[in-house]
Each structure stands twice: as C-alpha cells, then as structure tokens.
Amino acid sequence: MRILLLASAFNSLSQRLHAELRDRRHTVDVRIAGDGEDLGESVRRLQPDLLLAPMLRTAIPEDVWSALTCLVVHPGPPGDRGPSSLDRAVQEGVAEWGVTVLQAEAEMDAGPVWAHEPCRLAERGKSDLYRNEVADAAVRAVLLAVERFASGAYAPQPQHGPSWREPVRVRPFLRQAERRIDWAADPTATVLRRLRAADSQPGVLDVLGDGDWYLHGGHPEPLLRGRPGELIATRAGAVCRATSDGAVWIPELRRRRAPGGPATFRLPAVTALGALLPPLPEVVAPLMADEGGQRPGWADIEYREEGPVGFLRFSFPGGAMATDHCRRLLDAYRFALRRPTSVLVLGGGRDFFSNGIHLNIIEAAPDPADESWANITAMDDLVGEVLTTTDRLVVAAVGGNAAAGGVMLALAADEVWCRRGSVLNPHYRLMGLYGSEYWTYSLPRRVGAARAARLTMQALPVSAAAAERIGLVDRVLDCGPGEFGPGAARLAGLLAASPTTQRRIAAKKAAREADELVKPLDAYREEELAVMHRQFFTPESPYHALRAAFVRKRPVPAGLLATT
C-alpha cells in the first residue's frame, strides 16, 4: 500500500514506524504538519491508500479525514482521551497502560478503534517509555491496524453502543499547575513522578535563585540530604536537590523563555546555571561498585564485571555526547582495558545508545565552531580507542536508538547487538555534515561502499531487522526494553566462554595490522576532519542554520537541505 505518514515531528516513533512499514514493502511518504504545504493538496498529489498519524499535535482537517481513512496513534488504552495521556499516566504512577489506533473524526480520540495493544509502564521517564514500551505496543497495534485495513473485511469498533465496554476517560491537557513540586512537603517518590512525567517536554516549571527554570529528568539520591528545595551537590553536570525526605538528581534545566525573547533549550544543569550556581561540592560517583556491590546513587557511566566479561554502561540525556562526556567515557574505557577480561560490552542500557555530538551545548557555546571542533575530536578519540583495541573482543550493546556518530561508535566494536525495537540513523546529512568518527573506514567494511553511500545520502532510519539483514549489526535480540541488558550479558558470557574467542582476538589483531598497512586509521580521521573543519568554521555553512533550527525546534529553512 501507499501510506502517508503525517507527524508534527519525525520523532523516534515516527521513524520506527516508517522503517517497519518500509520493511514490509509498503511505500511510505512523510509529511511534517505545518511544513507549508496544504495537507489536502499533499493527499491529492500523493494519492495514498491510508494516512497514518503517529505523533500529531494538531487535528486532521475534516476535508481530509472525511475522504480518506486516517488512523491516529493514541498513547493510551481504549477509551482514554486527551493530549497528555502518557504524561498523566507517569505522574499518577500507572503500571498498566496501552496504545490505541483509532480513526480520525470530528471529536479528538473518539473515532472507531482499529487496534489496541496493552503495555506495562516501568518506573522510568516519559520519553524513555515512549521510545520503548509504548513504541513496542504502538508498532504491534499499527501493523495490525494496517493489516486489517488492507484486508478490506474488518469493521473498526465504534467507541459507543452496547458492544463498547471500556470506560471513557476524557482528561484535559496537563498544565504546569498540576505538575508543580512542593519541595517542602512532597516526598521523593512524588517528586520523581512529576519530573519523569515531564522529562523531555515540557519540563517542570520551578524557581531556582531568582529565575524561572524548567526541570528535566530525575534520579533518586539515596544518601545526600539537605533543607528541602535547596541545591546540595553536583555530579557530572547534574544538580542534586533536597526533597522533604531525601534528594533527587536533576540532569538538565531550561530557562523559561522571556516574553518576545528567543526560544530556550535544555542544557546540563550546571552549564545552564553557570555563574548563578552557588558553590557546591562535586560528589563524584565511583566507576565501580564497592566490595559489597553498592553504588552511591545515580551515575551516567558505570563499570562492572562478571568473570571474564566487563560491562561499561553509559547513559547521557537524549543520547547526546558533549566534549566532557566523550572524555570521561574515554577515561572509563581505558580503565576497562586495564581489567583482566576477554570480552568488553559497551552500552547495554535500555534507552539511547548515542546520538553523537551534543548540539545543544554547541549552540549555547560562546564560539559554536570551536566547541563543534572540540566535540568531534573528543568523539574521534573515543572511537579510535575502540577501533584499536586488539587484546579482547568488544561488543556494542545497542538497547535503544542510535544516530550519526553514535552509530559509528557502535560500528567500531567487533560485534554490534541491537534490541528489536532499536532504530539506527547511520548518516549526518540532515545536519549538513560530512561526518567523522572514522565512518569512511567502519561503515563500508560493514555494508560495502555502495550501500554505505546510499545510507549516508538517503538519510533514512533503519530498523534493527533491516540493519541485521544488510550486515550493519550482527545480532538482534527480540526482547523487551528491560530484558535487553540481562540478555546481552548472558550472550557476552557465552562469547567469553567460547573456545574460539582467543583465536578471534588473535585474528582481529592481525586484521587491524593488515588494514593499517593498506591505509592508516589516522588518514581516515584526517580526511574526514578536513571536511568537517570547513563545515564548522565557514559561517555560511548549512550546518549552523540546521543546528540552530534543530536545537530551537524551528522549521528548517526552505531549500537548505538541498545544499548539503
């Protein structure tokens, strides 16, 4: 079928559905709502069989839904209605949830149901759940709905009448007044639910010092205490704030937009506050747990061992890796290389693996070109270290999505393992960049030069199944988000115990030496960075306008991508 994918943004769910539908040989066109073209004109021009709206902030016009079947993906169970469905579920601590695919009609979320799938909500942030449990359920529901529509024999179930047995819950937009935290009274569990329900957007509006800030994300702190509401420590760019019965780590802040002022965006909390941050102790989390296996709360980088297998886990907000993230992860990686293991697993978390350089920090820097250069060279240092590891096998365990330099970080490993729900974007073009991280070496050796060129130029998302089919990844784990880490750990243990592992390590070392004789890795890096340097330091380079549009959530200037 020809399917028109309509979304307010080509976000993680839209990308995943795009990839899944293309895997099933549907022709998929994408329209971003508000891109300037009339939707009715798009429908007349493309002549789709079906319109699918996986993430839409505005209503579909009546002239469209009355003439064409339009299916809307609602992140709630049947009968749930309203624009803040998932936000409210997380804030209320709901464990059993679901996704409904319904037909667009005049009343929002009230049309006939084509499919629905249940899902459980772990104690995680809204955006993590949206990319994982909710996305898994949405894919199952959408594929079933598309199959039913294609059959021509299925009648969707109206949300009324004697056959409809689900309670109808119409709930309004979740406003900041309902998200507000009472630091003097709210216990840590309540604070965390409010923070997690707003982690990516819109954040929880609060006061810090004499300014209004949106708080993004939250992690419990088991030991530190202070006067409720006060900032008591920093760690890896986050701030620790005391609650009525404990404390929480807040990784990111966003200043409230001034009337008539420019759009603001999320930054690491310490960076965002800058000189406004009072003197606070930096409480560093040790890389490894103590002898009793205890860790002092949240950390964005951790290392552990199970016999001959080392696990280096990292998790950065939004998958973005700033200069500091890259340098700290490189230090941790070098620590892991000094440990007596034969297999090292890099990643293994349930959410983002990596999305490459940190565009928000670059946008906020006094000199974005200089910061871009520092960031990409730090990223190259990390990837180069992985590529030149020859005394053990390295596995990249990609539990969530990865893009641009994050994909190339994974490809530097000997094996890449993905969760079935992962989406890979192995390209840089949409940011107006050529790319680095040794991609001109690692991507063609995986998929061949011709396919590498197509992947980087077409700039389309790739499903985990398609990535395995073309050789971009080695193994796909068909499991839930919470099962990926343990599943990868079991496989890594089997890999370490295999009698062929030491032979593979020796062969790997010989292959790296042979490749170095043909063309040194430094030559790939220098060639890539020569192009990147021009793109960073040329003021009229499309990268700067594309970066600003991405960070500040503005439409991409017309015709700009055509010049990249």
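The model is predicted, so local features need pLDDT of at least 70 and side-chain atom pairs count only at pLDDT 80 or more, while totals for chains, interfaces and linings use all residues. Residues are numbered from 1 along each chain as its sequence is written, and side-chain values use heavy atoms, leaving out hydrogens and water.

**Exercise 1.** Find out whether His 325 is buried or exposed.

Solution. Start with helix α10 (residues 323–337), where His 325 lies; helices are DSSP runs of H or I, at least four residues, numbered from the N terminus. Next, take its relative accessibility: His 325 is at 8%, so it counts as buried (under 20% relative accessible area with a 1.4 Å probe, protein chains only; exposed is over 50%). Finally, look at the side chain of His 325: one of its polar atoms lies 2.9 Å from the backbone nitrogen of Ala 322.

**Exercise 2.** Work out how far Cys 119 and Val 134 are apart in space.

Solution. First locate Cys 119 in strand β7 (residues 113–120); strands are DSSP runs of E, at least two residues. Then go from C-alpha to C-alpha: Cys 119 and Val 134 are 6.7 Å apart, although 15 residues separate them in sequence.

**Exercise 3.** Decide how α14 and α19 are oriented to each other.

Solution. Begin with the axes, lines fitted to C-alpha atoms over the stretch in contact, with angles from 0 to 180 degrees between N-to-C directions. Those of α14 (residues 439–447) and α19 (residues 521–537) come within 8 Å and cross at roughly 110°. The two helices, α14 and α19, are therefore roughly perpendicular (65 to 115 degrees).

Terms used: A polar contact is a pair of N or O atoms within 3.5 Å; within protein, one must be able to donate a hydrogen and the other to accept it, and residues adjacent in sequence count only if both atoms are side-chain atoms. Angles under 35 degrees count as roughly parallel, over 145 as roughly antiparallel, 65 to 115 as roughly perpendicular and the rest as oblique.
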